Amino acid sequence: RGSQTAFPPVFIIGLIIIALGRLSMAPIASFFSLYVSEELHWNAVGLMWALSAVSEIPFMFISGRLIRTYGAAPLIALSMVAVIARLGFYACYPTMGGAIIGQLLHSLCYGLFHPAAVAFVSTHVPPQKRAVGLTMYISLGVGLPTFIGSALGGYVVEFFGYRILFGSYTVFSFVGLIVYAIFRAPLSEKTHGC
C-alpha cells in the first residue's frame with residue numbers, strides 16, 4: 001500500500017534534475033534586464049524579452065511530437081545543454097549579438113523544457129497523484145530554485161559581476177546532466193503513460 005501512495009524514486013530524481021536546470025536559469029529571469037542595460041549599455045530590454053517569448057512558440061507547437069519520438073527526459077537534458085550554451089553566450093560574448101543568440105535559445109530552455117517536464121511528471125506519477133506531482137514540479141522544480149538562485153545571484157553580481165554570475169550558474173546544469181547520465185535508463189522508462 002505504501003508503494004502505491006509514495007512517489008516513485010525516479011520521479012524524485014527527475015525533479016532534482018529539473019530543479020538544477022531551473023537553478024541555472026534563475027540569473028536570466030532575475031538579472032538579464034540589468035545585464036542588457038548596465039553591462040551592454042543597450043536600451044533594448046523589452047525587445048530582448050519579446051524575442052525570447054516569440055522564439056519559444058514553435059517548440060511549444062512541436063513539443064508533443066518530439067516528446068513522443070525522443071521521450072521527455074532526453075529533451076529535458078537537451079534543454080539543459082541549451083541553458084549552458086545560453087549562459088555561456090552571456091558570459092563569454094557580452095555583446096548585442098551574444099544577447100540575441102542567448103535569447104533565441106529560450107526556445108529550447110523553456111519552449112521545449114516546460115512541455116517535456118510536464119510530460120515527465122505525467123509518465124512517472126500515478127494518475128491519481130498527477131495534480132500533486134505537477135504542484136511539486138511548479139513549486140520545488142521551478143519556484144524554489146528560482147528563488148534560491150536569484151537570492152544568491154544578487155551577491156554574485158555585487159562582488160563578481162554579470163559575466164561571472166552567468167558563467168558560474170552553468171555548474172548547476174552540468175551537475176543535472178551528470179545525474180541524468182547516471183539514471184538515464186530509469187528516467188527514460190514510461191511507467192504510467194500520458
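Some housekeeping. Residues are numbered from 1 along each chain as its sequence is written, and side-chain values use heavy atoms, leaving out hydrogens and water. Since we're looking at a prediction, local features need pLDDT of at least 70 and side-chain atom pairs count only at pLDDT 80 or more, while totals for chains, interfaces and linings use all residues.

Okay, helix 2, residues 9-39. By helix I mean a DSSP run of H or I, at least four residues, numbered from the N terminus. At 1.5 Å a residue, its 31 residues should span 45 Å, and the end C-alpha atoms sit 43 Å apart, which agrees. That expected span is 1.5 Å times one less than the number of residues. Still, helix 2 bends by about 65° at Phe-31. The bend is the angle between axes fitted to the seven residues ending there and the seven starting there. Just after helix 2, His-41 has a positive phi of about 55°.

Now helix 7, residues 130-160. Helix 7 has 31 residues and reaches 41 Å from first C-alpha to last, close to the expected 45 Å. Look for a kink of about 30° at Gly-143, shortly before Pro-145. That proline is one of the buried residues of helix 7, and others include Gly-133, Tyr-137 and Val-157. Buried means under 20% relative accessible area, exposed over 50%, partly exposed in between, with a 1.4 Å probe and protein chains only. What do those buried residues pack against? Helix 2, helix 6 and helix 8; contact here is heavy atoms within 4.5 Å. After helix 7 comes Gly-161, with a positive phi near 95°.

On to the largest pocket, about 160 Å³ of space. Its lining has 14 residues, with Arg-22, Met-25, Ala-29, His-106 and Tyr-110 nearest the centre. Which helix gives the largest share of that lining? Helix 2, with five residues; helix 6 and helix 7 each supply at least two. By type, the lining divides into nine nonpolar, three polar and two charged residues. Nonpolar covers Ala, Val, Leu, Ile, Met, Phe, Trp, Tyr, Cys and Pro; charged is Asp, Glu, Lys and Arg; the others, Gly among them, are polar.

Last stop, Phe-59 in helix 3. Phe-59 counts as partly exposed because its relative accessibility is 22%. Beyond four places in sequence, Phe-59 contacts Leu-66, Ser-107, Leu-108, Gly-111 and Leu-112.

Methods
On a 1 Å grid over the protein atoms alone, a cavity is a set of points where a 1.4 Å probe fits but cannot get out, and a pocket is an open set with protein on both sides within 12 Å along at least five of seven lines; lining residues have an atom within 4 Å of a point. Grid points are joined across faces, edges and corners, and a volume is the space filled by probe spheres set on the points.
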